[in-house]
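The following questions and answers concern how terms are applied to a structure. Each answer sets a value against a definition and draws the conclusion.

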Amino acid sequence: MTDWRLRRASPEDAPAVALVAQASFLETFAGVLAGVDILAHLAAKSSPARFDAWSHDPASVLTLAEHASGHAPIGYSLLTPPEEVGETRVGDIELRRIYTLSRMQGTGLGPALMARAVADARALGATRMLLGVFAGNARARAFYERHGFAVAAERRFKVGVTWCDDFVYARNL
């Protein structure tokens, strides 16, 4: 039995998804990136308005993970048309985000979100999934590699005013 459930997020869920997006990013990168850069990045990339727009976009899929008791938001994934991942081809989709709160790690939630994202990408007709990950995030990189992703390219990604080295991973669907 799981302590969570997955469902397609609606526009009304945008504030809840933004909250877990901001909390999980902060948990992941506090002490790695400057606080001012984290806050600027979250304001620009993880606002309720951004998630509202993605939830309305028929080419995107926003999945919300909620705790089984009380339905608090605890994780999410986001599929979108590819952006900022370098060279793409017809049939590509980007797994732009997949995060869980740290207390949910080890519960199977991450693999469940990944399986749901793969199924949703296939349902959209995608044939390859791309994602970008901070080069220094060994835990995330290992997770993606366990799920069949391999490094396809490198990129520079800006968080606040700081440029970071990232890897672009790809997986055929």
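Q: Why is P111 called partly exposed?
A: P111 has a relative accessibility of 39%. Buried means under 20% relative accessible area and exposed means over 50%, with partly exposed in between (1.4 Å probe, protein chains only). P111 therefore counts as partly exposed at 39%. This is a predicted model, in which local features need pLDDT of at least 70 and side-chain atom pairs count only at pLDDT 80 or more, while totals for chains, interfaces and linings use all residues. Residues are numbered from 1 along each chain as its sequence is written, and side-chain values use heavy atoms, with hydrogens and water left out.

Q: Where does P111 lie, and which residues does P111 touch beyond four places in sequence?
A: P111 lies in helix 4; helices (H or I, at least four residues) and strands (E, at least two) are DSSP runs numbered from the N terminus. Not counting residues up to four places away in sequence, P111 touches F143 and H147, where contact means heavy atoms within 4.5 Å. P111 and G86 are 25 residues apart in sequence, and their C-alpha atoms are 26 Å apart in space.

Q: How do you know that the span of helix 4 is close to the expected one?
A: The expected span is 1.5 Å times one less than the number of residues. Helix 4 (residues 109-123) has 15 residues and reaches 21 Å from its first C-alpha to its last, close to the 21 Å expected. Among its buried residues are L109, G110, A112, L113 and M114. Helix 4 is followed by G125, whose phi is positive, near 90°.

Q: What makes the phi of H71 and the phi of E84 worth a remark?
A: Most residues other than glycine have a negative phi. The phi of H71 is near 65°, a positive value in a residue other than glycine, and E84 has a positive phi of about 55° although it is not a glycine. H71 is placed in the loop between strand 2 (61-67) and strand 3 (73-80), and E84 in the loop between strand 3 and strand 4.

Q: Are H71 and E84 buried or exposed, or in between?
A: H71 has a relative accessibility of 37%, so H71 counts as partly exposed. E84 has a relative accessible area of 49% and is therefore partly exposed.

Q: Why is R128 called buried?
A: The relative accessible area of R128 is 12%, so R128 is buried. R128 lies in strand 5.

Q: What makes the pair R128 and D92 a polar contact?
A: A polar contact is a pair of N or O atoms within 3.5 Å; within protein, one must be able to donate a hydrogen and the other to accept it, and residues adjacent in sequence count only if both atoms are side-chain atoms. The side chains of R128 and D92 are joined by such a contact of 2.8 Å. Leaving aside neighbours within four places in sequence, R128 is in contact with several residues, including E87, T88, D92, A170 and L173.

Q: Where is F134, and which residues does F134 touch beyond four places in sequence?
A: F134 is in strand 5 (residues 128-134). Not counting residues up to four places away in sequence, F134 touches F29, V32, R141, C164, D165 and D166. F134 and F157 are 23 residues apart in sequence, and 8.3 Å apart in space from C-alpha to C-alpha.

Q: Why is S47 called buried?
A: S47 has a relative accessibility of 16%, and therefore counts as buried. S47 is found in the loop between helix 2 (35-45) and helix 3 (48-56). Beyond four places in sequence, S47 touches A18, Q22 and L42.

Q: Why is A9 called buried?
A: A9 has a relative accessible area of 7%, so A9 is buried. A9 is found in the loop between strand 1 (4-8) and helix 1 (14-29). Leaving aside neighbours within four places in sequence, A9 is in contact with V17, S55, L62, T63 and L64.

Q: What makes V161 exposed?
A: V161 has a relative accessible area of 67%, so V161 is exposed. V161 is found in the loop between strand 6 (150-159) and strand 7 (162-172).
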